[in-house]
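Subject: Structure for you to look through

Hello,

I am handing over a structure for you to read alongside this note. Please keep it open while you go through what I found.

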Amino acid sequence: MREDMNACRLSVDSQYVELAVEVFAMLADATRVRIILALRDGEMSVNHLADIIGKSPTAVSQHLAKLRLGRIVAARQDGTRVFYRLANEHARKLVADAVFQAEHSLGDEPAHHRIDMTPEVPAAEAAVRA
């Protein structure tokens, strides 16, 4: 509910429009979107992310560095290992909404409209988890 109120205050001349475009540019990469999807349930190491995404740890680390610079992910060091997590819930929601929009482009009823929801799981989260 609070999100709707905040969104209504945004205007076409908002000082954040250019920054929003930079966020979209940062997310205009399939590997980065996959990283965000992988991190939606909690933190992971670079090697674990690399296994899930199917990319080399070096490539994943480079993408994570960019996401970290954009304050989309945060890092925690534990000895020699670094664990990454989403910095806040907005990237998760943004990627979920982008996936939902992509489902709409296919023409038929999107999968996220067909999900039988339980009260404790929001529709956006259930569709991304499916």
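What share of the 130 residues of the protein chain counts as buried? The answer is 28%, where buried means under 20% relative accessible area, exposed means over 50%, and partly exposed lies in between, with a 1.4 Å probe and protein chains only. Before the details, please note that this is a predicted model, in which local features need pLDDT of at least 70 and side-chain atom pairs count only at pLDDT 80 or more, while totals for chains, interfaces and linings use all residues. Residues are numbered from 1 along each chain as its sequence is written, and side-chain values use heavy atoms, with hydrogens and water left out.

**Overall layout**

The protein chain has 8 helices and 3 strands, where helices (H or I, at least four residues) and strands (E, at least two) are DSSP runs numbered from the N terminus. Read from the N terminus on, the elements follow the order α-α-α-β-α-α-β-β-α-α-α.

**The sheet**

As a general point, strands of a sheet pair through backbone hydrogen bonds, either parallel or antiparallel. Here the 3 strands form an open sheet in the order β1-β3-β2, with antiparallel pairing. Because β1 (44-45) and β2 (73-78) stand at the edges with a single partner strand each, one side of each is left without a neighbour in the sheet. Two strands are said to pair if DSSP finds at least two bridges between them: β1 and β3 (residues 81-86) pair over 2 bridges, with F83 in β3 as the bridge partner of S45, whereas β2 and β3 pair over 6 bridges, and there R85 in β3 is the bridge partner of A74. β2 and β3 also form a hairpin with 2 residues between them, and G79 in the turn has a positive phi of about 70°.

Another positive phi, near 60°, belongs to R71, a residue other than glycine. R71 is found in the loop between α5 and β2, and it counts as exposed because its relative accessibility is 69%.

**The salt bridge**

How many salt bridges are there, if one is defined as a side-chain nitrogen of Lys or Arg within 4 Å of a carboxyl oxygen of Asp or Glu? The count comes to 1 salt bridge, and E43 forms a salt bridge with R76, with the closest N and O atoms 2.3 Å apart. E43 lies in the loop between α3 and β1 and R76 in strand β2, so the pair ties together parts that are 33 residues apart in sequence. E43 is partly exposed, with a relative accessible area of 33%, and R76 is also partly exposed, at 34%.

**A buried arginine**

R32 lies in helix α3 (residues 30-39). The side chain of R32 does, however, reach the backbone oxygen of M26 at 3.1 Å. Leaving aside neighbours within four places in sequence, R32 is in contact (heavy atoms within 4.5 Å) with A25, M26, H63, K66 and L67.

Best wishes

How values were computed
Polar contact = N/O pair within 3.5 Å; in protein donor to acceptor, adjacent residues only side chain to side chain.
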